[in-house]
Amino acid sequence: QVQLVESGGGLVQAGGSLSLSCAASGRTISISTMGWFRQAPGKEREFVATINWRGISTYYADFVKGRFTISKDNAKNTVYLQMNSLKPEATAVYYCAEGGGPAYTSGAAADFSYWGPGTQVSVSS
């Protein structure tokens, strides 16, 4: 099993930026698809981005393309999410998750097996 812990959340004004980190332990993430999801109060958890096991290919939800960037450092066993041009609707708890190959392009929460506890991102207007 792998344990995931997110960090880097906080309060930012609309148009600002935040960088999230997901530190993994217990197993290397170099063999896994890693993803980011978010969940706002009263809403369902939604897909944000994934990165494949090698860290070369990425896949994004349409609503974040051009503004968010997912990356990973296998040597540090850490996944990142750089968020730019943040909008108030980005306010949510952001979760890091690990899954197998199908999770890379499916963007489905059911394809991810392990989840971190989440980190809160709040965007003020």
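Rings of Phe, Tyr and Trp (its six-membered ring) pair if their centres lie within 6.5 Å. Keep that cut-off at hand for the first exercise; the structure you are working with is a predicted model.

**Exercise 1. Aromatic rings**

Find how many aromatic pairs there are, and which residues form one aromatic cluster.

*Solution.* Start with the pairs: applying the ring-centre rule gives a count of six aromatic pairs. Next, look at the residues: Phe37, Phe47, Tyr59, Tyr104, Phe112 and Trp115 form one aromatic cluster.

**Exercise 2. A charge over rings**

Determine which rings have Arg45 over them, and at what distance from the ring centre.

*Solution.* Take Tyr95 to begin with: Arg45 lies over its face, 3.9 Å from the ring centre. Then turn to Trp115, a member of the aromatic cluster from Exercise 1. The charged end of Arg45 sits over the ring of Trp115 too, at 4.8 Å from the centre.

**Exercise 3. Salt bridges**

Work out how many salt bridges the whole structure has, and which side chains meet in them.

*Solution.* The idea behind the search is that side chains of opposite charge can pair when their charged atoms come close. Over the whole structure, three salt bridges are found.

- Arg27 and Glu98 meet with an N to O distance of 2.5 Å. This pair links distant parts of the chain, 71 residues apart: Arg27 is in the loop between strand 3 (18-25) and strand 4 (33-39), and Glu98 is in strand 9. Arg27 is partly exposed at 29% relative accessible area, whereas Glu98 is buried at 4%.
- Glu46 and Arg38 meet at 2.7 Å, N to O. Here Glu46 is partly exposed, with 32% relative accessible area, and Arg38 is buried, with 6%.
- Lys65 pairs with Asp62, their closest N and O atoms being 3.4 Å apart. Asp62 counts as exposed, because its relative accessibility is 66% and the exposed class begins over 50%.

**Exercise 4. A buried arginine**

Explain why Arg67 has no salt bridge, and find what its side chain reaches instead.

*Solution.* Arg67 is buried, and the nearest side chain of opposite charge, Glu89, is 6.7 Å away. The side chain of Arg67 does reach the backbone oxygen of Ser85, at 3.0 Å. Finally, check the surroundings: leaving aside residues up to four places away in sequence, Arg67 touches Gln82, Met83, Asn84, Ser85, Leu86 and Lys87.

Definitions and conventions. Residues numbered from 1 in each chain as written. Predicted model: local features only at pLDDT ≥ 70, side-chain atom pairs only at ≥ 80, totals over all residues. Heavy atoms only, no water. Buried < 20%, exposed > 50% of the residue type's maximum accessible area, 1.4 Å probe, protein only. Lys, Arg positive; Asp, Glu negative; His and termini not counted. Salt bridge = Lys/Arg side-chain N within 4 Å of Asp/Glu carboxyl O. Polar contact = N/O pair within 3.5 Å; in protein donor to acceptor, adjacent residues only side chain to side chain. Contact = heavy atoms within 4.5 Å. Phe/Tyr/Trp six-rings, centres within 6.5 Å; stacked < 30°, edge-to-face > 60°. Lys NZ or Arg CZ within 6 Å of the ring centre and 35° of its normal. Helix = DSSP H or I, 4+ residues; strand = E, 2+ residues; numbered from the N terminus.
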